[in-house]
Amino acid sequence: MPEYNAPLRDMRFVLHDVFQAPSLWARLPALAQTVDADTADAILEEAAKVTGSLIAPLNRSGDEEGAQWIDGDVRTPTGFREAYATYTEGGWVGLAGNPQYGGMGMPKMLAVAFEEMLYAAGSSFALYSALSSGACLAIDAHASEELKTTYLPPMYEGRWAGSMCLTEAHAGTDLGIIRTRAEPQADGSYKVTGSKIFITGGEQDLTENIIHLVLAKLPDAPAGPKGISLLLVPKVMVNADGSLGARNAVSCGSIEHKMGIKASATCVMNFDGATGYLIGEVNKGLAAMFTMMNYERLSIGIQGIGCAEASYQSAVSYARERIQSRAATGPVNRDKVADPIIVHADVRRMLLTMKALNEGGRAFACYVGQQLDLAKYAEDASERQNAEALVALLTPVAKAFFTDTGLESCVHGQQVFGGHGYIREWGQEQLVRDVRIAQIYEGTNGIQALDLLGRKVVANGGAALRLFAGEVRDFAHAHESPFGDHLIEALERLEAVSGWLLEQAKTEPNAVGAASVEYLHLFGYVAYAYMWARMAAVAQGKQGEDEAFYGGKLATAEFFFARLLPRTLSLEASIRAGSQSLYGLAAEQF
């Protein structure tokens, strides 16, 4: 069975050396007394133990057994309940939660590293607490003080879990047409009626209560997305003293049989006049839910990195041991009948692609986490506003690019194993199946691309893009990086394409949709180029301290700029080809 060992050396490099997180935390009063370098390292070390020894051993058995639906109840695979109890005892669900209600208050920069470990160890297990963390964020940001006081402490403890109930059988991306209803009651509560599908962790046996955040429409609500409200609907009613009361009118009608993440219960949830409580304002529920959705989008993006890292670790180990054929330059292991496959160019191409994408993604996740921390904790208003603008711009990139490249990397890892990668024994086929969903849920990657280009670039005339580009250009001019010229060239390509699309969008209604996916990928490679230039600048200055690590970092950066960044050339050509070729066929000609 494959093992997972958290890449702590690289995580510390990104956190401490590249982004100098402890210095940032020290100047943010809300974090200065909460976390420092030693605290962060201790948390990472403990997280590595928990994910490597507690969660990872359940990944394959959990996939083979799967979640089971029995007469409305869901049973998680053998070992999950015990592991979850140990996991919650460590306070991991509330790692970045509000300390006022029992969370640990750790920065997002640190939390993204933990999330990567969690998804790498077992995506199915990770999802149960990931949904809880996102639900807590929405409750903390938008609910009344009474709701926060009642529900957040046991959720941060892990005694209660959270779920996100958006999708209906006829309403996925287009939530404005949902049919779930919420009827106001004399006591200020609501009766919620409707059915939701694809609800991760909607029912499970890990916690004593599940807090559903449900999108619904009030009787007099306007049509479309402006008529959606957000309701908190507990599985089990909560008494005035915080104890659990009667079962609410919420039930699980079935669970899905899926390609992957089989140990994660994906539920059909039925609300039959269930008691719920309004979160935020009437008809403003979608905006409140986006607090959770944006958290989940970054989290699910990190699922792509985690799965890819697990795949990479197995592939490297296998490539060092598996012997087949001789190196093109002559025998390497003369005492054996063949050389390890890591000597072969194609295997090295796949491994380096995985390594470059994984480490670039890890750095970019930390960067987005940094912006989230600044948006939340910075004292200067302009610094907060700039960070908020960058978070809005970069969240769809993180979700979609992390998961698109995550699947690419997992396929490479499987390919390194050859036929052995296609069978269960080595774990690679499960990673391919598990990572695939990440491109689909929390808003498909095509929707993320439309959001990036249409809403975050075209709609504001490229203002947020200029903010990001200015930061990248300032770095390239201020730091000695061996790849600064390549970074500027790639940035200028992104800016030129963006300017061209801004003009196209004025007269061509299909311009944004036709270019969006390629544009997001172009943006992703430029963002990774920025990360790799930053990492290379640090590695160059420290190479004498640890040649193996820093020299390897520089060599991987060289591979990224030489072999992966040129993908932006074809992406630009595809974008500039326009939309006409997409609409040359009538519907009946497909």
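Q: How close do the axes of helix α7 and helix α10 come, and at what angle do they cross?
A: Here is the general idea to begin with: a pair of packed helices is described by the angle between their axes and by the distance between those axes. In this predicted model, helix α7 (residues 108-121) and helix α10 (residues 285-321) have axes that come within 7 Å and cross at roughly 50°.

Q: Which residues of α7 and α10 meet?
A: From α7 come Lys108, Val112, Glu115, Glu116, Tyr119 and Ala120. On the α10 side you will find Tyr295, Leu298, Ser299, Ile300, Ile302, Gln303, Ile305, Gly306, Cys307, Glu309 and Ala310. Sorted by kind, the residues of this contact are 10 nonpolar, 3 polar and 4 charged.

Q: Which residues make the contact of α17 and α18?
A: On α17, look for Tyr525, Tyr528, Ala529, Trp532, Ala533, Met535, Ala536, Ala539, Gln540 and Lys542. Their partners on α18 are Tyr550, Lys553, Leu554, Thr556, Ala557, Phe560, Phe561 and Leu564. The contact of α17 with α18 divides into 14 nonpolar, 2 polar and 2 charged residues.

Q: At what angle do α14 and α17 pack?
A: Helix α14 (residues 445-458) packs with α17 at an angle of about 95°, and their axes are 8 Å apart. An angle from 65 to 115 degrees counts as roughly perpendicular, so that is the word for α14 and α17. In α14, the residues taking part are Gly446, Gln448, Ala449, Leu450, Leu452, Leu453, Gly454, Val457 and Val458. They meet Val512, Gly513, Ala515, Ser516, Val517, Tyr519, Leu520 and Phe523 in α17. This contact has 12 nonpolar residues, 5 polar and no charged ones.

Q: Now for single residues. Is Thr568 buried or exposed?
A: Relative accessible area is the number to read, and under 20% means buried. Thr568, with 2%, is buried. You can find Thr568 in helix α19 (residues 567-576).

Q: What does the side chain of Thr568 reach?
A: It reaches the backbone oxygen of Leu565, at 2.8 Å. Leaving aside residues up to four places away in sequence, Thr568 touches Arg493, Leu522 and Tyr525.

Q: Is Glu168 buried or exposed, and where is its place?
A: Glu168 counts as buried, at 4% relative accessibility. Its place is in the loop between β3 (160-165) and β4 (181-184).

Q: What joins the side chains of Glu168 and Lys196?
A: A polar contact of 3.0 Å joins them. Not counting residues up to four places away in sequence, Glu168 touches Ile178, Arg179, Thr180, Ser195, Lys196 and Ile197.

Q: What about Glu183: where is it found, and what does it touch?
A: Glu183 is found in strand β4 and is partly exposed, with a relative accessible area of 40%. Apart from residues up to four places away in sequence, Glu183 touches Ser189, Tyr190, Lys191 and Pro219. Glu183 and Asp220 are 37 residues apart in sequence, and 9.8 Å apart from C-alpha to C-alpha.

Q: Where do Asp71 and Ile261 lie?
A: Asp71 lies in the loop between β1 (68-70) and β2 (73-75), and at 71% relative accessibility it counts as exposed. Ile261 lies in the loop between β10 (250-255) and β11 (266-279), and is buried at a relative accessible area of 3%.

Methods: Residues are numbered from 1 along each chain as its sequence is written. This is a predicted model: local features need pLDDT of at least 70, side-chain atom pairs count only at pLDDT 80 or more; totals for chains, interfaces and linings use all residues. Side-chain values use heavy atoms; hydrogens and water are left out. Contact means heavy atoms within 4.5 Å. Helices (H or I, at least four residues) and strands (E, at least two) are DSSP runs, numbered from the N terminus. Ala, Val, Leu, Ile, Met, Phe, Trp, Tyr, Cys and Pro count as nonpolar, Asp, Glu, Lys and Arg as charged, and the others, Gly among them, as polar. Buried means under 20% relative accessible area, exposed over 50%, partly exposed in between (1.4 Å probe, protein chains only). A polar contact is a pair of N or O atoms within 3.5 Å; within protein, one must be able to donate a hydrogen and the other to accept it, and residues adjacent in sequence count only if both atoms are side-chain atoms. Axes are lines fitted to C-alpha atoms, for helices over the stretch in contact, and angles run from 0 to 180 degrees between N-to-C directions. Angles under 35 degrees count as roughly parallel, over 145 as roughly antiparallel, 65 to 115 as roughly perpendicular and the rest as oblique.
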